[in-house]
Amino acid sequence: MYQVLYRKWRPKKFADVVGQPQVTVTLKNELTSGRIAHAYLFTGSRGTGKTTCAKILAKAVNCLSLRDGDPCGECAICKGIDRGSVMDIVEIDAASNNGVDNIRQLREEANFTPAETKYRVYIIDEVHMLSVGAFNALLKTLEEPPEHVIFILATTEVHKLPATILSRCQRFDFRRIPPDDIARRLTFIAEQEGASLSGDAALLIARLSDGALRDALSLLDQCFGCGKDVTVETVRKTAGLAGTEYLASLAGAVLSHDPQKALEITDGLYGSSKDMARLSEEFSSYLRSLMLIKTMKNAREIITVTDDEYMLLEKQALSAPLETILHGMDTMRSALEKMHRGGNRRIEFETAVIKLCLPELDTSPQALLRRIEALEKRAAAPHFAKTPEKSAAGSAQSAIPQGNLPAGTNETVSAEGKDPSGTAAEAHGARRTPEELAAGAAKLAEWPEVVQALKSYSPSIAAAFNGSSAYVNGDYVLIDAPNELAFRLLREPRQRDNMRNAVRTVTGMETCRLGPYRPGTAQSEKDPLEKLAEDAVKEGIKVITDKSGEPPEN
Ligand SMILES: Nc1ncnc2c1ncn2[C@@H]1O[C@H](COP(=O)(O)OP(=O)(O)OP(=O)(O)O)[C@@H](O)[C@H]1O
Ligand SMILES: [Mg+2]
Ligand SMILES: [Zn+2]
């Protein structure tokens, strides 16, 4: 008989439980040192190992030859529990036995010493389902549990438990399991099952399962239904991740204000019997992806699409203003509400799409605000760009002193070999240090888009700017990149041109000078005490400082 994967691969020892070290390590320590509580509470999201760990713990407290806190799996007790023949391990599903009588019966039974084992263990799953009366009855037992009884309560909804119960249990919180841990476990299990599972496919399943290993294993099981060679494609098909081309075209039509096209696409989808409510949801979640890309550094980890689809999404996110995206999500949400209230689905969807394509139709205060904002942005951009010296000095490259950068990184060291400080003095009347420039700089919010735009000139260069940010001070764009390679690349005049073009495309700044963002390096970052001491030494005063900040021993 076929046993589903998640049952077949339920871990039998703590060592096989993944992603919950805060639980397993602690329990193992308690078991090895014999500090065993009488009531445990396992909480946390679905499919993360609560029932699994409860079963392991029940075995471990009774195992005849505990190994490093794990049940041996070989002694008579371990084997008996595995077979289900040990009556002293009682699993109760509180969802179906939630009455006060069930708990009273349990209390009476608990008074008898166990037949075969050291401890009688009650695993009460879904404990939040108990009735008020049942909780009170349970409380009495928890207040004075017999020596030979251990309770393990498990629930996903800890907020439904009375405080009186909570305070009597040792509580363990099970976390959503990180995708890497899930992927590793899936790979291991696939191997054991003699199947092949590509690394990408394992990660995709992991991302789709939202931290629940049970869900991940169920999906893997379904994938095996198509064969033992599981690829990203298999996972996508099985999980019903339809191609997103039509969503991309719809978003394209909206962003380019093309109602004709948007309605054609809608019509085509309607004709192929696409449900319009489902379409609204899908379009909403497509817009959400655009929003995430625009606002988060690690959006890639959250959005479950192939790399190709992601590239398309990124491109679209670049050209879409955030306000438009958010407005789109709002509009879709209210269209959905109207559909649920009985509105004609097709008409509601079409109306929503037209509204999105033609924002000028919308006269709500929010819409007017959006339009004013857009105008303001447009008005601000050129002003931002105009700098007096730009025509005079041609491709004005002026001075940001080197600071602690690799030589030749910033605009000072332009290929023309001008005297950089001379240029700077001309332009600003005084030489400005990177620290001074950084101090007056404001964060350039559009920087992620600049890096995006840079991709169209050179994807590999753009990659060096992953995780970077930038600040603007006058016509300086000061870059803060974690990767020194970024600065090395910017030594090449051609790359600097590309970067400036990207900045222009996105921000409208006609020219800009590139430099490193170095807020208060060297001197100012020093401990003020240390600096004081240094100054004092310079002046020939001898000082003793205690840098540790600890009070002296006594
Ligand atoms: N942390 C984990 N390590 C290894 N396998 C796990 C883990 N969590 C879940 N699994 C797998 O998922 C299955 C279900 O896990 P389990 O029943 O312990 O989840 P649960 O937290 O009790 O979920 P629920 O809240 O739905 O009852 C297990 O049989 C096992 O195959
Ligand atoms: Mg469970
Ligand atoms: Zn054992």
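**Cores and a helix**

Modeller: The largest nonpolar core has 59 residues, and Leu-454, Val-477 and Leu-478 have the most contacts inside it. This is a predicted model, in which local features need pLDDT of at least 70 and side-chain atom pairs count only at pLDDT 80 or more, while totals for chains, interfaces and linings use all residues. Residues are numbered from 1 along each chain as its sequence is written.

Colleague: What makes a set of residues a nonpolar core?

Modeller: The set consists of buried Ala, Val, Leu, Ile, Met, Phe, Trp, Tyr and Cys residues joined through C-beta atoms within 7 Å. A residue is buried if 20 or more other C-beta atoms lie within 10 Å of its own, exposed if 12 or fewer, and partly exposed in between, with C-beta atoms placed from the backbone.

Colleague: Which residues of helix 13 are buried, and why are they said to line one face?

Modeller: Ala-262, Ile-265 and Thr-266 are the buried ones. Seen down the axis of helix 13, the directions to their C-beta atoms fall within an arc of 100°, so the buried residues line one face of the helix. On the other side, Gln-260, Asp-267, Gly-268 and Gly-271 are exposed.

Key
Chains are lettered from A and ligands numbered from 1 in the order in which they are written. Helices (H or I, at least four residues) and strands (E, at least two) are DSSP runs, numbered from the N terminus.
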